[in-house]
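Trainee: I'd like to learn how to read strand pairing in a model. Could you walk me through it?

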Amino acid sequence: MNTKIRHLEESDNKDLFEIHSFASVNENTSQLLFLSSDKVANLFSDPNNYTLVAELDTKVVGYVTLFLTNKIRDRHSAVLAIAVHPEFHGR
């Protein structure tokens, strides 16, 4: 098994949607449950967001995203989101 950390690519959206399709990924968070594939793609398409993915062989199994804002009063802050595919928890 070869794990690689790399920048997000548009082709990763299918794997990101799969990660978010598990209720256990979103429980105990403020994230809405069962996001559509379009909504998941939109989360990661904003140029103010920076995402790194963990790729195992050829499958994205997790990610970390830094969500920034252009709001003047909030420019000093960001939101950090981390998600891991349930089959890879604890590895």
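Trainee: Which residue of strand 4 is the bridge partner of tyrosine 63?

Mentor: Strands are DSSP runs of E with at least two residues, helices are runs of H or I with at least four, and both are numbered from the N terminus. Here, tyrosine 63 has alanine 83 of strand 4 as its bridge partner. This is a predicted model, in which local features need pLDDT of at least 70 and side-chain atom pairs count only at pLDDT 80 or more, while totals for chains, interfaces and linings use all residues. Residues are numbered from 1 along each chain as its sequence is written, and side-chain values use heavy atoms, leaving out hydrogens and water.

Trainee: How many bridges join strand 3 to strand 4?

Mentor: Two strands pair if DSSP finds at least two bridges between them. Strand 3 (residues 59–67) and strand 4 run antiparallel and are joined by six bridges.

Trainee: In what order do the four strands form the sheet?

Mentor: The order is 1-2-3-4, in an open sheet with antiparallel pairing.

Trainee: Is alanine 81 buried or exposed?

Mentor: Buried means under 20% relative accessible area, exposed over 50%, and partly exposed in between (1.4 Å probe, protein chains only). Alanine 81 counts as buried because its relative accessibility is 18%. Alanine 81 belongs to strand 4 (residues 79–84).

Trainee: What does alanine 81 touch?

Mentor: A contact means heavy atoms within 4.5 Å. Leaving aside residues up to four places away in sequence, alanine 81 touches Tyr63, Val64, Thr65 and Phe67.
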